[in-house]
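User: Hello! I am new to this structure and would like a friendly tour of it. Could you take a look with me?

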Amino acid sequence: MSQYDVINSRATRIDSQDKATGRAVFIDDMKMPGMLYGAILQSPLAHAEILSIDTSAAKKLPGVKAAVTSQEAGLIKYGVSPARYDETIFCYDKVRHVGDNIAAVAATDLETAMAALSLIKVEYREMPAVFTVEEAMSDGAPILHEEYPRNICAEVHQEFGDVETAFKECDLIKTTSFVNKRQDAAFIEPQGCIADYDLSGTLTLYSSTQVPHYVQRTLAMVLKLPVGKVRVVKPYVGAGFGIKAAANHIELAACLLSMKTGRPVKMNFDREQVFLHGRARHQFFHTMTTGVKKDGTLMALKHECYLNGGAYSSFGIATVYYAGSLLGGPYRLPNMKYDGYRIYTNLPACGAQRGHGGVAARACWEQQLDMIAEELGMDPIDLRLKNMMVAGDVTCNDLNMSSLGMKECIEAVKEGSDWKNKKGRLPKGKGIGMACGFFVSGAGYPIYRSDTYHGTAVIKLTEDGGTALVYTASAEIGQGSDTAFAMIAAEALGIPLECVRLESGDTDFGVDLGAYSSRQTLMTGHAVKEAAESVKLQVLEVLSRELKIPVYDMDIKKGVIVFKKEKPDFSGLRTRYIKEHRGWTDNPAPEEDLSFREASRIAYLAKGSIVGTGKYKPPELGGKFKGATVGTSPAYGCSAQVVELSVDMETGQIAIEKMTDAHDCGRAINRTSVEGQMEGSVSMGIGEALYEEVKFDDKGRVINADLAEYKIPTALDMPHVETIIVESNEPNGPFGAKEVGEGAIMPTIPAILNAVYDAVGLRIFELPLTSERVWTAMKIRAKG
Amino acid sequence: MLLPKFDFHEPLTLPEACQMMSEFGRKARPLAGGTDLMINMKKKIVSPEHLISLSRIDELKAAQCSGNMLKIGSCVTVAELTESELVRKNCSALCTGAKALGSPLIRNLATIGGNIASARPAADLPPSLMAYNAKVVLKKSSGERLVLLDDFFKGPGLTELQADELLTEIQIETPPPYSGCGYINMGIRKAQDCNIVNVASFISLDAPDGLIKTARIIMGCVGPKHLRACSAETFLIGKKASEELFAQAGEAAMKDCSPIDDFRGSAEYKRAMVGVLTKRTLAMAYEEVRSEN
């Protein structure tokens with residue numbers, strides 16, 4: 001039995017009925033009186049100078065209320081990291097990728113808005129474009145941003161320990177290279193928003209976003225409004241996976257158009273525009289050299305990585321840092337050198353996607369570790385266990401593993417998959433493979449340098465005391481955070497989950513950095529817990545005065561006041577409560593325990609509204625070197641997976657048959673939600689490993705910008721996933737909880753790579769493992 | 001993406017529909033399930049001024065067997081094909097193809113006629129239909145004609161259909177004894193995919209354990225239209241079925257196709273897969289022959 005009354009259970013999500021019945025409101029369901037429809041004009045060319053833009057014909061079209069370009073929008077630069085603000089709402093000097101943004105219109109209906117776009121005349125002078133890292137870095141290549149020669153958007157050079165000296169002590173040194181492909185996160189709901197600039201000068205933006213707070217700040221900065229006059233509200237959101245973790249062009253354009261017209265303006269991306277906006281996983285080119293001792297002791301890693309970044313920075317600086325820093329664990333690695341380069345190219349910008357920066361790096365390295373294990377004659381699990389960190393270890397790049405159930409995860413999947421009877425013993429064409437991974441449980445620092453709280457929460461009791469209202473600005477985007485916070489509030493306050501109502505995703509409710517870097521359960525969770533404890537204390541303090549019992553001799557559990565010592569005579573309080581409710585038919589009977597409802601009504605009578613607040617920010621984390629902040633976190637989630645698959649020896653087709661997946665989430669707030677994240681991660685990992693690739697033609701146009709040709713796994717492609725929750729009780733987490741959102745994807749790709757090797761004896765260093773790629777590898781081997 | 005403007009017609013009878021087709025000609029497109037047409041209209045690949053819905057014409061929605069002839073109305077949905085006992089019993093490979101098409105949502109809307117008339121070289125139903133030697137009825141106000149499906153396809157999106165004609169029925173002679181058919185489609189993932197290669201193979205023997213009398217092998221995605229593997233078919237005739245024989249037929253089929261490199265796969269790979277799928281579908285067909293004995 002769990003020691004908890006609410007958390008650690010399989011409580012039904014608080015939004016599941018709304019979602020199952022279609023009552024849940026998403027942007028596309030929303031309409032406002034007088035609302036206009038906006039549309040955005042995007043570049044058909046990958047790289048071109050803008051000679052002129054003429055919107056006059058568009059403006060004359062009946063029904064068109066406004067047409068805006070950089071003339072109206074201004075040239076204030078924004079982006080994700082203040083160190084690389086390199087975007088404007090609309091291009092003014094040149095366009096840098098197909099889909100770059102030029103102008104927007106608002107009209108009484110979408111048909112008219114689309115017709116108006118076709119009337120905007122843009123004169124371009126086409127320029128040579130670069131699409132690959134090699135092209136972009138070559139001598140004389142066209143430059144995307146004048147300030148960044150050779151198109152190097154960001155570079156990282158770090159060394160911890162002394163790699164070259166360590167290599168001299170190694171018995172085996174292994175070098176491999178690896179490349180993944182540009183991803184699309186393929187969330188089900190394309191970006192969309194409604195901007196409403198009202199008569200009092202307040203701008204409200206309803207948007208499908210992961211980060212209301214960052215969007216609020218970007219709107220205020222770019223549109224020159226006080227933060228207090230900008231409100232961002234997030235309705236239900238159909239996922240984001242990192243791509244919606246920053247302000248986008250239609251959010252800004254819709255606001256600008258609403259400010260121009262004084263009317264609400266709705267804008268949506270269609271699926272093709274989702275691809276043209278990009279911001280999903282980069283393409284990474286990794287080269288890694290690892291040195292080990294004969295006994296398998298990891299000594300050093302030398303790592304070089306190039307990222308094809310696309311036309312703008314987006315999250316890219318963090319990405320190029322993460323690609324290096326996230327190899328610091330979960331193995332003891334005393335020496336690590338990293339050189340990373342993020343390169344601008346004339347493609348849509350890449351950004352952050354589940355497992356930010358670390359997924360391809362993890363795939364490269366975990367495959368290499370398997371190769372090393374084989375050469376040393378060790379079981380790959382033994383090699384990993386030998387080098388595994390334990391709770392309290394600090395990586396060479398100063399990441400503190402305050403809890404780490406990695407060993408437990410490995411043992412769980414080893415047991416759960418019957419590894420010892422399968423590894424090396426399966427027939428040809430069948431394979432088993434494993435890998436590990438870890439990830440931050442919330443970025444240690446905000447995207448902009450600041451001492452801000454990362455999350456705040458407010459809990460207010462209703463005057464009858466029956467219900468706790470929880471307000472946070474956090475972002476429920478489908479992952480279940482609303483339910484997690486309602487459960488945390490109920491647990492901390494000592495009341496049933498049904499007595500909590502929760503509102504979230506509104507910047508008016510406080511500050512919350514939002515749903516990215518797997519941060520909310522830990523960070524917002526802390527804030528909610530603190531607010532709930534404050535409310536609880538306030539109620540108990542009033543009771544203490546009324547009953548002359550010290551606060552510490554009382555508690556609230558399951559909606560009832562618990563008296564730890566002798567039960568006092570509270571009939572006076574009860575009589576007062578009942579007098580307040582003459583005519584009510586559900587007043588407590590004399591023999592009943594004193595309820596939370598009665599107690600909080602008494603507290604309200606004594607103090608007015610009972611409001612508790614909570615807040616959280618991590619302590620100062622990490623080292624002092626350049627880029628030390630990226631990768632820091634108050635806690636790290638970790639996982640291990642064993643995959644079993646078969647390879648069709650004639651076609652090269654891979655069928656994933658079973659996945660045994662263990663994840664250390666510290667403490668599961670909602671066990672079903674944890675498993676949901678684990679299974680969702682496996683699905684995304686399988687897609688990236690086997691199918692997914694955004695493809696371009698030689699003009700930089702996406703040729704598979706829809707979900708028919710961009711292949712994510714279907715239900716039929718999903719194997720049975722055996723999920724095992726490992727709970728390490730994270731000291732820095734609320735009730736011991738930490739992440740499961742992103743870390744869970746880390747082992748999937750390398751586990752598949754290692755299983756393919758087990759099945760057919762081939763190491764493949766390029767994703768995706770389409771049937772053709774596997775078939776080709778087998779054919780090349782057959783030729784010798 | 002928005003649909004362009006068009007006039008919508010909903011005839012209740014086939015003569016009425018034919019009348020409209022002859023009146024509007026090339027300005028009109030018949031609308032069956034719409035799973036292909038609506039997307040192409042949204043993408044502005046086609047912008048017909050008139051859509052003539054066939055969904056209210058009951059006679060297009062029936063499947064029946066009279067004598068040795070299976071007749072399937074062109075508006076029978078793919079989902080209905082997957083559930084039809086008549087289809088499963090007489091043309092199991094058509095049932096396999098129907099199950100492989102799209103997703104349950106698509107199958108509920110898409111029709112057999114639409115999957116044929118859209119003439120996409122990767123379509124799931126034509127290979128087995130051609131393997132069963134199916135014919136299609138093309139109807140217009142002034143009469144109708146019966147065309148062998150082999151002769152119906154002219155190229156990607158191009159068919160024998162005239163501007164005023166409707167594809168109203170698919171006719172399949174029930175296969176002779178000692179015959180079987182297999183269909184395999186191969187894509188990147190297991191469902192909802194545009195095929196990389198698909199193959200259907202039909203064989204019939206002259207006696208329960210006899211020699212191959214007839215062979216039809218149809219290859220998709222490896223030419224401008226579905227292709228017959230003629231040399232593979234010829235090679236099989238008069239021979240005794242075996243794994244070895246089917247592998248050799250696969251080798252022959254590889255020479256019968258003309259795939260191109262595209263973003264879904266290289267020509268070399270598609271050609272190799274024709275070999276594998278031919279071998280495997282022949283084995284499926286032979287398995288069916290034997291299971292009926």
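This is a predicted model: local features need pLDDT of at least 70, side-chain atom pairs count only at pLDDT 80 or more; totals for chains, interfaces and linings use all residues.

User: Let's begin with two helices of chain A. Is the crossing in which H15(A) passes H16(A) left-handed or right-handed?
Analyst: H15 of chain A spans residues 481–493 and H16 of chain A spans residues 520–547. Their axes come within 8 Å and cross at roughly 35°. The crossing of H15(A) past H16(A) is right-handed.

User: Which class has nine residues in the contact of H15(A) with H16(A)?
Analyst: On the side of H15(A), the residues include Phe485(A), Ile488(A) and Leu493(A), while H16(A) brings Val528(A), Lys529(A) and Glu533(A), among others. By class, five residues of this contact are polar and three are charged. The class with nine residues is nonpolar.

User: Now to chain B: which helix gives the largest share of the side of domain 1 that touches domain 2?
Analyst: Chain B is divided into domain 1 (7–53), domain 2 (58–173) and domain 3 (179–292). The centres of domains 1 and 2 of chain B are 18 Å apart, taken over C-alpha atoms. Their contact takes 14 residues from domain 1 and 19 residues from domain 2. On the domain 1 side, the largest share is six residues, and the helix they come from is H1 (residues 14–24) of chain B.

User: And where the chains meet, which helix of chain B gives the largest share of the side that touches chain A?
Analyst: Here 16 residues of chain B are in contact with 20 residues of chain A. The chain B side has 10 nonpolar, three polar and three charged residues. Its largest share is three residues, from helix H12 (residues 267–292) of chain B.

Key:
Residues are numbered from 1 along each chain as its sequence is written. Chains are lettered from A and ligands numbered from 1 in the order in which they are written. Two residues are in contact if their C-beta atoms, placed from the backbone, lie within 7 Å. Helices (H or I, at least four residues) and strands (E, at least two) are DSSP runs, numbered from the N terminus. Ala, Val, Leu, Ile, Met, Phe, Trp, Tyr, Cys and Pro count as nonpolar, Asp, Glu, Lys and Arg as charged, and the others, Gly among them, as polar. Axes are lines fitted to C-alpha atoms, for helices over the stretch in contact, and angles run from 0 to 180 degrees between N-to-C directions. A crossing is left-handed if the near helix is turned anticlockwise from the far one by less than a right angle, and right-handed if clockwise. Domain bounds come from an automatic or database domain assignment.
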